[in-house]
Amino acid sequence: MTEDSTGSSPIEEFLDKLLAASVGVPPRATRHLLAETEAHLRDVASEATEAGSTSAEAEEVAVARFGSVDALVQAEAAARGLPLGALIRPVVGTSLLLGGLAGLAMGVSGLITAIMGYLAGSTFIVNISHHTYLAPSDCARWLSQNHSTHSCYQAALQDWSFEVVAYRVVLGVLGLVALLVYLYLGRRWSARQLIFNLPRSSVDAVAFVAFAGVGVWLAGMGVDSLIVSAGRGAGQGLGTAPAMLVLGAVFGWRLMADLRTALDRALV
Amino acid sequence: MATDQVKGQLDVLLLRVLLDGPAHGYSVISALRERSEGTFDLPEGTIYPALHRLEEAGFLDSDWESVNGRRRRLYRLTRSGAAALVEGQSRWADFVAAVESVLAPVTPRPV
C-alpha cells in the first residue's frame, strides 16, 4: 500500500470516488462492488509490484486499468435495472419530506395567523380598508354568507380573514399527509435497502436556503406592512415567517453539523 | 475496434470462461485477455457489472470466500447459464457464417 500520512493512495481515492458515486445503488450491492473492486485493484497492484513497479506506480496502473468510476456505476446501475427507480425514489422521498414540512409549517402559520387576527383584529391579517373597491356582486355574496355582518366591508373582512387561515390549515393537513406518505414509503424502501433521500448535505443546504429565505422575506413583508399600510395584512407575513424561520434554523443547524463533519474528515 | 466489438459479445464470452470452472472477476478478465492473446483488453472494471447482470438473470451464482484476508466473490455457471451459452454460441456461429459469406473473396470479372 502507498498510503500517505492522510491514509490516501490511488486505490483508496478510487474506492472513495466509487462509494460517493454509488448514489441510488442499494447499500448491500455497493458494499459488494467495493469489496470486489478493492480485491481486484490490490491483486493487480501486487502483480505490478512483483514485476518491479513501485507501490505508487503499481496502484496507479491498477486504477488506470480498471476504468472510470462513472462508467462503472452507470453499468452497475443498468445491470441491476436501477436507473429509473434509483433516480425517482430519492427525488420523490425528498420532495415528500420537504414539501410535507413546508405544508406543516403553513398549517402552523394558519394557527398563528388566527391568533393574531383574534388579538389584533381581522385587518391585521387582511389588507383591506374602507377605501378598497368592493364589487356589488361580491358584496351580495359575502353578506349572504355572513349574516352577522351589516356592511360589505365587514363581510369582506370576515370572508377574507377566514380564507387566509383556512387555506393555511388545508396546506397543513396536506403537509401532514405528505409526511405520513414519506414515513410509509420510507419504511417500505428501507426494508428493501433502497435509498429514498437525496444526499443529506444537499437536502440540508437546499432546505436551509429555501426555508430561511422565505422566512426572512415574509418577515420583511410583514414589517413593511406595519410601516407602510398601518399594519393591514401584516399578520400574513408575520404569522408565516416564524414557522419558516424555525425550519430554516433546524436545517441550518444540520448543515453546520454536516460542514463540521466534512471539515473533521478533511483534517484527519 | 476489437474492444468495441467484444462489448456486444461480452456475456457469452464470460459464460464460456466460467464453463471451465468457478472463478472470481480478476481471474475471468485475465483468462479473457490470455485466450484472446491480448486482443480483448477491456477496462477491467467493466467485467463486474456484466457478471452482476448475468447473476441477476440467473445465468451465474456466486459465493464469497476469503483468501489472504481479502474477500473475493466466486462466480459459477448455473444450468440455465450453460443453456444460454449454447444458444449464444449458436447465434455467434450463424452470425460469423453470414458475415463470411458476404465478405468471401470474389473473382474479378474480366473487363
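**Close-ups of a two-chain predicted model**

B:Q89 is partly exposed, with 13 other C-beta atoms within 10 Å. Before the views, some housekeeping: this is a predicted model, where local features need pLDDT of at least 70 and side-chain atom pairs count only at pLDDT 80 or more, while totals for chains, interfaces and linings use all residues. Residues are numbered from 1 along each chain as its sequence is written, and chains are lettered from A, with ligands numbered from 1, in the order in which they are written.

View 1. B:Q89 sits in helix α5 (residues 79–103) of chain B. Burial here goes by C-beta atoms placed from the backbone: a residue with 20 or more others within 10 Å of its own is buried, one with 12 or fewer is exposed, and anything in between is partly exposed. B:L13 is 76 residues away along the chain, yet 9.2 Å separates its C-alpha atom from that of B:Q89.

**View 2. Helix α2 of chain B and the glycine after it.** Which residues of helix α2 (residues 10–19) of chain B are buried? They are B:L13, B:L14, B:L15, B:V17 and B:L18. Just past α2(B) comes B:G21, with a positive phi of about 140°. For the labels, helices (H or I, at least four residues) and strands (E, at least two) are DSSP runs, numbered from the N terminus.

**View 3. Chain B as a whole.** Chain B holds 5 helices and 2 strands, in the order α-α-α-α-β-β-α from the N terminus on. Of its 111 residues, 27% count as buried. Take contacts in chain B between residues at least 6 apart in sequence, and 53% of them join residues at least 24 apart. A contact means that two C-beta atoms, placed from the backbone, lie within 7 Å.

**View 4. α3 against α4 in chain B.** The axes of α3(B) and α4(B) come within 10 Å and cross at roughly 110°. Axes are lines fitted to C-alpha atoms, for helices over the stretch in contact, with angles running from 0 to 180 degrees between N-to-C directions. The two helices, α3(B) and α4(B), are therefore roughly perpendicular to each other, a label for angles of 65 to 115 degrees (under 35 is roughly parallel, over 145 roughly antiparallel, and the rest oblique). On the α3(B) side, B:G25, B:V28 and B:I29 meet B:I47, B:Y48 and B:L51 of α4(B). The residues of this contact split into 5 nonpolar, 1 polar and no charged. In that scheme, Ala, Val, Leu, Ile, Met, Phe, Trp, Tyr, Cys and Pro are nonpolar, Asp, Glu, Lys and Arg are charged, and the others, Gly among them, are polar.

**View 5. Where the two chains meet.** Here 15 residues of chain B are in contact with 17 residues of chain A. On the side of chain B that touches chain A, α3 (25–35), α4 (47–56) and β2 (70–77) of chain B each supply at least two residues. α4(B) gives the most to that side, with 5 residues. By type, the residues of the chain B side come out as 4 nonpolar, 4 polar and 7 charged.

View 6. Chain A has 9 helices and 0 strands, and 33% of its 268 residues count as buried. A nonpolar core is a set of buried Ala, Val, Leu, Ile, Met, Phe, Trp, Tyr and Cys residues joined through C-beta atoms within 7 Å. The largest one has 35 residues, and those with the most contacts inside it are A:L101, A:A105, A:A207, A:F211, A:M244 and A:L247. Each of α5 (83–120), α7 (152–191), α8 (200–228) and α9 (234–267) of chain A supplies at least two residues of this core. The largest share, 12 residues, comes from α5(A). Apart from this core lies another, of 21 residues, including B:L13, B:I29, B:L42 and B:L77.

**View 7. A:M244 up close.** Leaving out residues up to four places away in sequence, A:M244 touches A:A105, A:F211, A:V214, A:G215 and A:L218.

**View 8. Two loop residues with positive phi.** A:A230, in the loop between α8 and α9 of chain A, has a phi near 55°, positive although the residue is not glycine. A:A230 counts as exposed, with 11 C-beta neighbours inside 10 Å. Over in chain B, B:E37 lies in the loop between α3 and α4, and its phi, near 50°, is likewise a positive value in a residue other than glycine. B:E37 counts as exposed too, with 7 C-beta neighbours inside 10 Å.
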